[in-house]
Amino acid sequence: MVQVSIPRPKRAPSGRLRSAIHVLCLLSIIVGPALVTLHGQQDLSKPALRILVRDTHGQPVPGAQCLLFRSPESEQFSAITNDQGVATFLTLAPSTYTLRVEHEGFKTLTRIDVTVAGNGLATIVVSLMVAEVSESVTIAEPDNEAATVKTGSSTPAGTIQRKALQRLPLATARVDEALPLIPGVIRSATGEISIEGASEPQSALLVNGLNAADPASGNFRLNLPVDSVESVQVFQHPYTAEYGAFIGGVTAVETRRGGEHWKFEFNDFLPDLRFHSGHVMGIAEDTPRLNLNGPLIKDHLFLSQSLSYNIAKQPVRGLSFPDNETKTESQSSFSQIDVILSNRHTQSFTFGYFPQRDQFVNLDFFRPQPVTPNYKQKDFVLGVRDHYQLREGLLQTAFSFKRFDANVWGQGQQDQTLTPTEEQGNYFATQSRHSHRLELFEVYAAPTKKFLHTEHEIKGGFDFNSVGNDLNYAARPVNILREDGTLAERIVFRSVRPISTSNREYVGFAQDRIHIHSNLSFDVGLRFEDQRIADESNFAPRAGFAWSPFKSDRTVLRGGVGLFYDKVPLNIRSFARYPSRTVTRFALDGVTVLDSHHFVNVLVDTLPIEPLDFRQRTNPDGGFVPENLKWNIQVDQIVTAWLDLRANFTSSRTDHIYIVNPELDFRGRSGIVLRSAGQATYTALELTARLRLPHKDQFVVSYVRSHARGDLNDFNSYFGDFGAPVIRPNQYSNLPFDVPNRLLAFGTISLPHRITIAPIFEARSGFPYSIKDAEQNFVGRRNSNQTRFPAFVSFDAELAKEFQVTKKYGVRLSVRSFNLSDHFNPRDVHANTGDPNFRQFFAPYHRFFSGGFDVIF
């Protein structure tokens, strides 16, 4: 797909230098408009046009063929871009032209609204999409894709377009539903996204280049309307220094700009009915979506407005109606205003509001509705972006403010009780938190320069983040009963005062892509991160290469190695102020007290250190911020015009992960100790084949052999939004989302009579699980290879047909089927030795269908 736009910033993290950063930020805002005025005062005696050709990272594209003509039969003007990606047309007649830009390895761009009027030099910037066998799956229009050396070692991630969300049989039309189609991305049993073996909070979520994750926990909580999203990219090996604050991967979302003509979309406005025993029992799901976009002022001011509403009642297997449903209600509103101030200067303003309410979260056979928590969030975000062409380079400035409120509460005030067969009472924890993030970043992409007989693409910038969180946390008692009903253990929590935490982060980076030869390039970069909450400054160097042994670039070998540091979530810093607990254990009669210990919460980074204050560092070489070292080697091969192959091997090791552990004697007292002492490893071999089909369809088949191991007592499992009350000793084993083998095949196929079919086939190893005894102690090795769910096999498909109702309007009818083979994919397992049905799998989802109705304008 070709995009014509002023290049949007990717993650442009940058800056440090504490107070000096504030001065630089103010100078960029104050001086920027003055620079626009100065550079806008160029004049020529005759009309002329300058074309700046950039790739999706804002880098110049030299050697691009630019054609300019009024009509296919009229005279054509031709020019080739120079080393700075600039092509100039002089002495043009005032008129409206069509521009076509072509370059090997990129998709052809055509723009029909290029206007040349009056005297002087006009400048436009166009962005070419690189079509290649990439780091990840690309769900896009596969036209003349090529893996070129010029794209560098940081292989661009795959792009998931809006059309893919509409055509593929996804459970819901949400961005995160399509992410597991990318090799290396897994949706865990709890619903979180795992990228390259890391948990969701350990990855980064960017919307228009700015951090969009929950400021306190780091979870994604992405609720953007699908129709406001232009594309989603997943970077699995981002060796360029502009990306940071993650140890897994980066999910980058670009939102949709208003078009040159007004368009109106109204999708999924017919509800899905809820059936039970052959009778209609109300609405099961309704997700109407509305998008309106177009020019407010022709060629200067554009609007894109998206609204969506979702109400869903999802049945859970293993429970009986009507106590088997989770309920979700959400609204999403997203507005984007784009302003073209001149041919060199554009601005964009975004406003988003995303309230959501979930009832009966994590409902299953063992946790019936009364024991489940409820969840409510309000997410507000404001963003401003400024793009200015400074001489031959691109200066990008962005600012965002995010307010995120979240509440978690139970269905009542009873104690939560755990038994070998089920949970009883009400969920134990109540949370109310109000967090915010203010981010300001600026990045400058310099024009390509040639010195020392090599070409250099240099980029540098800074980033400033200020985050804060106010938390009210309370917990009620928890009881553990044996199979005979006697009391085995009781946990009582103390009340605490409200918790307030804040952090400031200063980041700076610089990188250089060095083109040694047409078939060899290197990427080198350095990133500096200073997180005040950790009182720790870190340097993160990265390096990589791209080499083609042949002139055609049909075979490209890529590789790289990089050091990455994770963000420090605010709830980590405030751990010492969470409620402490008294744990009392009882004899077999359920009355006699065996022992009782009061556990305080202790935050430690490296030993020896004073408890409750990780800033007192007696070991200067110890680290508190999670650190990841990863490398990969990859081969991309274009076999024919319709077949691409890829082989990729990845290795990753993470240290200083936040782990909690109960200790009876921690410096003379009992404590729940939080240390940045955990470790994790991830290795994966990926083999992918991409077939290009007629009508710009494609079919992708991938196989991934991977292994994810690490410490299991991660902080979010026990103190996240839906934490567990019982903490047992930590173990190092398979991670919950470890999937040794995974085969995935999907695609879109166009048939005659405007019919399309889109299948998804997945076969993978089952997730691991742990065995507990009647007193909720783990038995044997947790998450071992001997305790796994059966192999998961699923075949889903969508069959759709479009009907033209009038010349301007049409409808699209679709039928979606899930688990067509009706394979036994159990959702639960009896994993407690005190359960009479111990080791039995149950509650599979059987074959089911749903429909769709879209109005096409």
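Because the model is predicted, local features require a pLDDT of at least 70 and side-chain atom pairs count only at pLDDT 80 or more, whereas totals for chains, interfaces and linings use all residues. Residues are numbered from 1 along each chain as its sequence is written, and side-chain values use heavy atoms, with hydrogens and water left out.

The chain contains 5 helices and 50 strands, assigned as DSSP runs numbered from the N terminus (helices H or I, at least four residues; strands E, at least two). Of its 857 residues, 58% count as buried, where buried denotes under 20% relative accessible area, exposed over 50% and partly exposed the range in between (1.4 Å probe, protein chains only). Among contacts (heavy atoms within 4.5 Å) with a separation of 6 or more, 68% come from residues 24 or more positions apart.

A nonpolar core is taken as a set of buried Ala, Val, Leu, Ile, Met, Phe, Trp, Tyr and Cys residues joined through side-chain atoms within 4.5 Å. The largest such core has 43 residues, of which Phe-428, Val-568, Val-660, Leu-674, Phe-715 and Phe-719 touch the most other members. Strand E28 (residues 454–475) gives the most to this core, with 4 residues. A second, separate core of 21 residues includes Leu-49, Val-53, Phe-89 and Leu-128. Not counting residues up to four places away in sequence, Val-660 touches, among others, Phe-575, Ile-672, Leu-674, Phe-715, Tyr-718 and Ile-727.

The structure holds 23 aromatic pairs, defined for rings of Phe, Tyr and Trp (its six-membered ring) with centres within 6.5 Å, and classed as stacked for planes under 30 degrees apart, edge-to-face for planes over 60 and tilted for the rest. The rings of Phe-246 and Phe-564 form a tilted pair, at 5.1 Å centre to centre and with 45° between the planes. This pair links distant parts of the chain, 318 residues apart, with Phe-246 in the loop between strands E13 (229–235) and E14 (250–255) and Phe-564 in strand E34 (residues 555–565). Phe-246 is buried at 0% relative accessibility, and Phe-564 is likewise buried at 0%. A further tilted pair, Phe-789 and Phe-841, shows 5.4 Å centre to centre and 55° between the planes. Because Phe-789 lies in the loop between strands E45 (778–779) and E46 (792–804) and Phe-841 in strand E49 (residues 841–844), this pair ties together parts that are 52 residues apart in sequence. Phe-789 is buried at 18% relative accessibility, whereas Phe-841, at 27%, is partly exposed. Tyr-473, Phe-575, Tyr-578, Phe-715 and Phe-719 form one aromatic cluster.

Arg-728 is located in the loop between helix H5 (715–719) and strand E41 (732–734) and is buried, with a relative accessibility of 10%. Leaving aside neighbours within four places in sequence, Arg-728 is in contact with residues including Ile-480, Glu-489, Asn-661, Glu-775 and Asn-777. Gly-209, in the loop between strands E11 (204–207) and E12 (210–211), is buried at a relative accessible area of 3%; the C-alpha atoms of Gly-209 and Ala-398 are 8.4 Å apart, although the two residues are 189 residues apart in sequence.
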